[in-house]
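This briefing is meant to be read alongside the sequence and the coordinates. Please keep both in view while following the points below.

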Amino acid sequence: MQELLKKFENKQPEITFEWSDSESEAEGWVVINSLRGGAAGGGTRMRKGLDKREVESLAKTMEVKFTISGPAIGGAKSGINFDPNDPRKDEVLRRWYKAVMPLLKSYYGTGGDLNVDEIHEVIPITESYGLWHPQEGVVNGHFHATEPEKIRKIGQLRQGVSKVLEDPLFTPNGTKKYTVSDMITGYGVAEAVRHYYKIWGGDIKGKRAVIQGWGNVGAAAACFLAVEGVKIVGIIDRDGGVINEVGFSIDEVRELFFNRNGNKLVAENQLPFEEINQKIWDLESEIFIPAAASRLIKKDQVERMVNSGLEVISCGANVPFADPEIFFGPIGVWTDQRVSVIPDFIANCGMARVFAYLMSDKVEVTDMAIFSDVSSTIEKALKNVYSSNTEKTKLAESSFNIALAQLV
């Protein structure tokens, strides 16, 4: 596996597009790892301090993810080094998408990612430049769709990704409306845990979970896990966190979901970051959901969780371990040898799978159909892993072996 991984990691990306904004300090990159199947896909992220290497590693992660989610295309990613809280963000995004429009028309499909919203930013801006949908490049480059096929596939994408959820099974109760893209990744991360216990054995009900990050992925995953009877005992976010060793009730978890300020946790009795960061890794828990930024989880944090009874990690964040390697460094390997690690390209493939599903031939665009498809995709991937490894360790290694065999 390590040899295959090294070969894949060290292969130069097929296309790297570099951009310097003429009116601000922003800089950005599109990295297309390959045009496998004639196209490539991957979202657009923005954060201060982002560099080309991060974008390269995420493009490679996307390529591995497509072996699970489909379609059989190359991995790509867009990254902009700019402060997303800067009031000039909208102008920067507009200039960025204008610059990359030829790629988006021809063979590159994008979407939302860290600090860039699919529904409120990516779709309206790219539409204003004449793009039918941010996945149009995949429809053109991979599917070579005829005009009627293109109209149907893009119609399905437009309807499905922005669809307001109506089925109470897939949205927290409340007056606020949520879309498929708001909930689907967190749903998949939670479903990965549910399927894990179903396949490898054990009752999910009564298990305790710690959540890192309270954006769409972490908060939605917590809600879906709570419905399954999992006790959320700790949440750590960038400014602080909360602990309840008995477990927050479903209603309390939903309230924390509703009360978010953007993607930030807002809670009474919130502990400051330094205090929560000292305490949370020693909480007794079986499930850990890393759903914040990449490369945050340190070795001592994992060791403390393992010593406190950790059983499974479902990776909501891409490359959650603080290793310099693109995919699988010493911390990841150490963890994989001790607990069940469901890798990011399986656990958080929800949105990629939604795109693939909606680009298929005539599909049912309902909440139940879209969410069930994501669940069954993750279940199939985990059953595939189980067929080669029935042990509760080295799941990530087995998953990479299966994926890389298709790519290298």
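Predicted model: local features only at pLDDT ≥ 70, side-chain atom pairs only at ≥ 80, totals over all residues.

- Helix H2, made up of residues 52-69, has 18 residues and reaches 25 Å from its first C-alpha to its last, which is close to the 26 Å expected at 1.5 Å a residue.
- Because 14 of the 18 residues of H2 are buried, this helix is largely enclosed by the rest of the structure.
- The residue that follows H2 is Gly70, and its phi is positive, near 70 degrees.
- Helix H16, residues 395-407, crosses H2 at roughly 100 degrees, the two axes coming within 10 Å, and since angles of 65 to 115 degrees count as roughly perpendicular, H2 is described as roughly perpendicular to H16.
- On the H2 side, Glu63, Val64 and Thr67 meet Ala403, Gln406 and Leu407 of H16.

**Helix H6 and its buried side**

- Helix H6, spanning residues 147-161, has 15 residues, and the distance from its first C-alpha to its last is 21 Å, close to the 21 Å expected at 1.5 Å a residue.
- The buried residues in H6 are Lys150, Lys153, Ile154, Gln156, Leu157, Gly160 and Val161, and because they cover an arc of only 150 degrees around the axis, they lie on the same side of H6.
- Among the elements that cover these buried residues of H6 are helix H4 (118-128), helix H5 (136-141), helix H7 (180-200), helix H14 (350-358) and helix H15 (367-388).

**The packing of H7 against H8**

- H7 packs with helix H8, residues 216-227, at an angle of about 50 degrees, and their axes are 7 Å apart; the two helices are therefore oblique to each other.
- The crossing in which H7 passes H8 is right-handed.
- H7 contributes Asp182, Met183, Thr185, Gly186, Tyr187, Val189, Ala190 and Val193 to this contact, while H8 contributes Asn216, Val217, Ala220, Ala221, Phe224 and Leu225.

**Asn348 in its loop**

- Asn348 is found in the loop between helix H13 (344-347) and H14, and because its relative accessibility is 5%, Asn348 counts as buried, the cut-off for that class being under 20%.
- When neighbours within four places in sequence are left aside, Asn348 is in contact with Lys65, Thr185, Val189, Cys315, Gly316, Ala317 and Asn318.
- Of these contacts of Asn348, Thr185 and Val189 also take part in the contact that H7 makes with H8.

Methods:
Residues numbered from 1 in each chain as written. Heavy atoms only, no water. Helix = DSSP H or I, 4+ residues; strand = E, 2+ residues; numbered from the N terminus. Expected span 1.5 Å × (residues − 1). Buried < 20%, exposed > 50% of the residue type's maximum accessible area, 1.4 Å probe, protein only. Arc of directions from axis to C-beta. Contact = heavy atoms within 4.5 Å. Axes fitted to C-alpha atoms, helices over the stretch in contact; angles between N-to-C directions. Parallel < 35°, antiparallel > 145°, perpendicular 65-115°, else oblique. Left-handed = near helix turned anticlockwise from the far one by under 90°.
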